[in-house]
Amino acid sequence: MVFQYVMRRLLLAVPMLLGAMSIVFFAMRVLPGDPCMALMGDQATRDALQDCVRDLGLERPVVVQYGAFLWKSVRLDFGQSFRQHYRVTDYILRMFPYTFTLVLASMVIALAIGLPTGILSALQRRNPLIDYSVRLIALLGLSMPVFWFGILLLILFSLHWDLFPLIGGGDMTTVLDMLTSGECVTSPEDFLAAVVDVLHHLVLPAFTLGITLAATVSRLARSAMLEVISQDYIRTARAKGLSERLVIYKHALRNMTIPLLTIIGVFMAVAMTGTVLTETVFTRPGLGKMLVDAIGARDYPLAQGAITVFTMMIMGVNLLVDILYAACDPRLVYS
Amino acid sequence: MRGRIWIGLGMACFVTCLLGSWCLPAPAEAAKKRILHFASKEPETLDPHTSVLGQVQAIVRFVYRGLTRFAIKDGKVTTTDVEPDLAESWTTSDDGTVWTFKLRKGVQFHKGFGEMTAEDVQFSFERQIRRSKGMLFAQNLEVIKEITVVDPYTVQFTLKAYDPIFLLRMVGYQHGYIVSKKAAERFGDQFGWNPVGTGPFSFDKHLPREKVILKAHEQYYFGRPQIDEVHWFDVPEDATKLLGLEKGTFDILQPEVVTADVEAQVKKIGAVLDKRGPGGQGRIYINMTKPPFDDIRVRQAYMYALDRQAIKDTLYPGALGNLAISPLPPGYFGHIPVELPEYNPDQAKKLLAEAGHPHGFTIKNYFINKSFFYPKMLTLVQEQLKKVGINVDAQLVEDATYHDNIRKNLNPFVLYGGTRIPDGDVWFGLFFYSKEMPDPATGNKGSNFSHYTGIDDLIERGRRERDQEKRATLYHEAQQRIVRDAVVIPVVDVPFLQPRNPKRVQAPFDPEYGEFAVHYTYNYPEMLKILD
């Protein structure tokens, strides 16, 4: 049953992915500004431009380029980046772990801070001191720009107290190499050191992104909780004389799982856009900043590859959320 | 409440992370090595013949060398004199069209790719002349007819015609770098990240979007550099670079732009600014093909309407820039100061009235939206022109679009900068030669944005002239003609500025214009020293 559902969802994902890929393909080409001109800037000469157009395969008709792009993408081959002298797939693979860990870590932080405060604020809504202060802090978090907060953290924790590194993403390559080669088992100390290094670099960026997103999560959690506790079954539970603890833990919180999953699903997309600024401020390798640079440089293959990967990630998370819905709520049936 | 426990848990996690990472011992070996921390931007490749980006041109100077180099005289690096580098000596035929270079013996490529020979020299130039994939500088080598390997240590260039700046072309810069033939053929289009040259540093590792690591070349022919490793960081934000300089994470910075604020902060933290001229010249080309600028009186009015000093003082106060004194910047062969029109809005109005525009006119012009220079410059120019009745309808576009549009001849005036081989021949040949007029009809995408034809004869005569003094005289006249015909307004010469921590790194030449900045960095990075 679940298998059939997943298959159907995956099939449905194909036209969506195709749509996203087509949009990015044509949008990049409609965008004024020539990739060769972007490559050469003020040093472009006529001959060099002609050579460049030939080298990048841009002299072919757009339809041919489009066909080649789609056909190669099936095998996850997005071609050679115009600007970076790497294959797009390799480059994205090297950037992916940085963005993935950042999104994951900031998600954990945002949920760890946002959920309890949101729920607290909902339950204590008749206590203005708690409710208003939580809402005020959430509002602050919402309106605080990532780049400002990030720089603030850098000045305090890196420059002033020298607790965290100023730039970089840590020795991710070593961690991944050791994981794949099995060295993480044979020399656990080195592996641990590399992991700690990566985490060390991750703390400030994850907090920056996590705290700004915690505000959103807190607001969402508050309204979700408010909705749940105004339900009839909560009133019934209270009416039959259950203690407030039991009402909240046994009935309200469990029923919040579904809105919570929705929050996580939405959150992933928001967090991914948030990585752009975070990665810039903390000079961290990653997909977000890479995508923005690729668009600025009119690096068609890299931008196309990055958008495709982003789309797949978001679709994957949404699929996962949908599957989990049913796992959490037996009333839901896949159809 | 349970919520408080959650918050407590979060805090505990944070503290654990913090302590865990803080207690981590620093790697012991790092302390022993002499590492230069250079904060710039990520180079897209280390193949010197395939990129025009400033950071690429800067880093390849660490890895590659050319046949000749800018001469060091009286403790300064000159801009127009050359001395032997990979070539030991050279001779030229009587008509100046055959150059024979004797190569230095025993020059070793990085990573055991063997001794450099005439074949590598021939290959390095021929891959560009053949326009192999990705090569950008064929135009700079157009004068070469043939390259012959006489013996392993002798290489001969036959030119199509006499070229007064041939030795300057052979300087280790852009097209002039010598790469290993064996390595380039082995790695093919992956050579960009498997670079092999003869320079003082060899490529070690690339961590994309983080840093490039270079290692001292043990067999460098002028002696191994004192520095063991260069860590070239990708730091897009200037603010982060400055934080890093203050913290000690970086020793040398390459900021996007040095403003008065940056200068003040650099001084505050005790760093020095290494200043190198002539740097880039910000100038405005007036497009003669766009009426009413076909009328010289309107162009002159434009020149009188601009308060160049005010622009310079606003954008580059104090020593951050110099008021331009010629359409050919100082430091270029053939430069002389020429008299440029003084700011005089009344004179501008009078000229406009004479030309039949007593109430002024409106023009549509493209500008770059995101940069330090362009938007600010636009505001100032717009304001000043408005005072005499010229309204600028500014269209803000992205960098790539701007460069595209100005070559489609869409702009009545063009703001432009840049550095070239420091010789009037190259400069005039690119910016004021009739063959370089951008024209969508012919598809020409040159950079003579004024569409000026007035010094063609001088450029061509200069190319035949073998007496350097006479050649300089020709260029003196060219500069005067350009100003007389009011086709370009040189505004400001901006030196290249690199903040450096003097307690960590010693630079070989005087911070005040001790060297030229054609490489966007130190000409001789092997002479940098880390102070222990």
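Predicted model: local features only at pLDDT ≥ 70, side-chain atom pairs only at ≥ 80, totals over all residues.
Visitor: Which residues of α15(A) are buried?

Guide: The buried ones are A:Tyr300, A:Pro301, A:Leu302, A:Ala303, A:Gln304, A:Gly305, A:Ala306, A:Ile307, A:Thr308, A:Val309 and A:Phe310.

Visitor: And what do the buried residues of α15(A) pack against?

Guide: Their partners are α1, α2, α4 (62-74), α5, α13 and α14, again in chain A.

Visitor: Let's take α1(A) from that list. How far does α1(A) reach from its first C-alpha to its last?

Guide: Helix α1(A), residues 2-30, reaches 41 Å, close to the 42 Å expected for its 29 residues.

Visitor: Now α13 and α14 of chain A. At what angle do they pack?

Guide: About 85°, with the axes of α13(A) (257-281) and α14(A) (287-296) 7 Å apart. Angles from 65 to 115 degrees count as roughly perpendicular, and these two helices are therefore roughly perpendicular to each other.

Visitor: Which residues make that contact?

Guide: From α13(A) you have A:Met272, A:Thr275, A:Val276, A:Glu279 and A:Thr280, while α14(A) brings A:Leu287, A:Gly288, A:Lys289 and A:Val292. Sorted by class, that's four nonpolar, three polar and two charged residues.

Visitor: On to the two chains. How many residues does the contact take from each?

Guide: Chain A gives 50 residues and chain B gives 51. On the chain A side, the elements giving two or more residues are α2 (35-40), α3 (46-55), α5 (88-123), α7 (146-160) and α10 (188-229). The largest share, ten residues, comes from α5(A).

Visitor: How do the residues on that side of chain A divide by class?

Guide: They split into 27 nonpolar, 14 polar and nine charged.

Visitor: What scores does the model get?

Guide: It has ipTM 0.80 and pTM 0.85. For chain B, the mean pLDDT is 90, and 94% of the residues reach 70 or more.

Visitor: Where in chain B is the pLDDT below 50?

Guide: Over residues 17-30 of chain B. That stretch has twelve contacts in the model beyond near neighbours in sequence.

Terms used: Residues numbered from 1 in each chain as written. Chains lettered and ligands numbered in written order. Axes fitted to C-alpha atoms, helices over the stretch in contact; angles between N-to-C directions. Helix = DSSP H or I, 4+ residues; strand = E, 2+ residues; numbered from the N terminus. Parallel < 35°, antiparallel > 145°, perpendicular 65-115°, else oblique. Contact = placed C-beta atoms within 7 Å. Nonpolar A, V, L, I, M, F, W, Y, C, P; charged D, E, K, R; others polar. pLDDT = per-residue confidence, 0-100. Expected span 1.5 Å × (residues − 1). Buried ≥ 20, exposed ≤ 12 C-beta atoms within 10 Å, placed from the backbone.
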